[in-house]
Amino acid sequence: MDLKRAGMAGTLESSDIMVVVEPKEDDGIKIHLESPVEKQFGDQIKKVILDTLDELGVDKAMIRAKDKGALDCVIKARIQTAVYRGADSKDYLWGEVER
Amino acid sequence: MLDFNNYVEKTIHLNNREEREQIERFLRQNSLRLENDIEYSFALYDGERMVATGSFSSNVLKCIAVDSGYEGMGMAGKVLSRLVTEEFRRGRTHLFIFTKPENVGIFKEMGFYEISRVPLKVALMENIPDGISGFTHRLKKNKKPGRAVGSIVVNANPFTKGHKYLVEKASMECDWLHIFVVWEDRSVFPPEVRYRLVKEGIKHLKNVTVHKGKDYIISNATFPTYFLKQPDEAVKIQSVLDIKIFQQHIAPALGINRRYVGEEPYCPVTIIYNQSMKEMLPDRGIEVFEISRKSLGGFAISASRVRKLLREGELNLVKEMVPDTTFAFLNSEDALSILDKIKN
């Protein structure tokens, strides 16, 4: 999926994560993550973000994530929503993302 | 045990007198006031009682307050989330917060980064980690050597012979001159047009770079009261904030050690701004040169006078006050909608 503009999802409330997914000129994914549990789970959070983007076919994007202690399923859902918003797409591929 | 489901979220209709008074009262209790350029307000209620609120004007979040009895309960997070979501929905992604320095810590927790502050008065933050640093990084590419590196900030609404005179004088006295065009779209001439007319009007000068001021020089974020043109207690504080950002971030990126301003005889806001510049910049190694205005037939040439003449349809008088490049634009088809706006 191609990002057309910045897409945002989530909140800054406890147990959630606010993510902004932006188009990027060059290839690759860049993640700027801030989390109170970055030391313990930073790599795991980034893995969930990368896996979700991969499933959605996004290969160039700038991600800003402000984590408030979200579980993996929440992170995944927020990234999916932000990407759909940024790609201006409503063709939710439920089967695809359920894998 | 607190029941969190009792909180009601509500968009405030500022046209509704009762709701407006309620939010004004709540802000007053928190030593804040409702700014008069607010476009969206939101509040959280515990039953009938307002316990937290936040607002924004264009891309700047402000007037954010939480009842002291409800601190530490995630209220700020709820308010910020709602404001940020609403801004993105309106297509704005680079956001700012105008707040008191004591609240910087709370907003850092919410993914905002400090740009600058005036101690005890105000702090400005943004939601992009490399916002201001990215801006100055791009500026650095235009850095030019020289002992005297000057700068001028202009709104140029539109570019007049007065601006041209100031630029020519500064260009002559400096090794290099950087001009920043105010980028906020709150003047009758849109930013792209103002920028183009400045560039065309100074084409004959070989030691000048024209920059877009973007969000960091006299913008809705750094200096909202500039655009309201009313003398106000906030003008002084915001002047200081704007000049501090200039001195702290922008001047070092380009090696600027001079700032040129036109003497301001009329506008109270600009008078305060110029005064603050003279108070603050010399101590930081930036000399301020206030140049008396070029006048014509007993009147100082100013963009506001040009707009007045345009409103009255006195195009022949305008011709005397603007460079040929600006005059050519005013007679072009592109100018029709702008001239309409001025007349109405």
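Which residue in β10(B) is the bridge partner of Leu177(B)? In this predicted model, where local features need pLDDT of at least 70, side-chain atom pairs count only at pLDDT 80 or more, and totals for chains, interfaces and linings use all residues, the partner is Val208(B). Residues are numbered from 1 along each chain as its sequence is written, while chains are lettered from A and ligands numbered from 1 in the order in which they are written.

Strand β9 (residues 176-181) of chain B pairs with strand β10 (residues 208-212) of chain B in the parallel sense over 5 bridges, pairing being taken to require at least two DSSP bridges between two strands. Between β9(B) and β10(B) the chain passes through helix α6 (residues 191-201) of chain B, in a β-α-β crossover that is right-handed, that is, clockwise from the first strand over the helix to the second with the strands pointing away from the viewer. Helices (H or I, at least four residues) and strands (E, at least two) are DSSP runs, numbered from the N terminus.

Elsewhere in chain B, the axes of helix α4 (residues 131-140) and helix α7 (residues 233-254) come within 8 Å and cross at roughly 20°, so α4(B) and α7(B) are roughly parallel to each other, a term for angles under 35 degrees. In their contact (C-beta atoms, placed from the backbone, within 7 Å), Ile132(B), Thr136(B), Leu139(B) and Lys140(B) of α4(B) meet His249(B), Ile250(B), Ala253(B) and Leu254(B) of α7(B). The residues of this contact divide into 5 nonpolar, 2 polar and 1 charged.

Turning to the two chains, 11 residues of chain B are in contact with 11 residues of chain A.

Technical notes. Axes are lines fitted to C-alpha atoms, for helices over the stretch in contact, and angles run from 0 to 180 degrees between N-to-C directions. Angles under 35 degrees count as roughly parallel, over 145 as roughly antiparallel, 65 to 115 as roughly perpendicular and the rest as oblique. Ala, Val, Leu, Ile, Met, Phe, Trp, Tyr, Cys and Pro count as nonpolar, Asp, Glu, Lys and Arg as charged, and the others, Gly among them, as polar.
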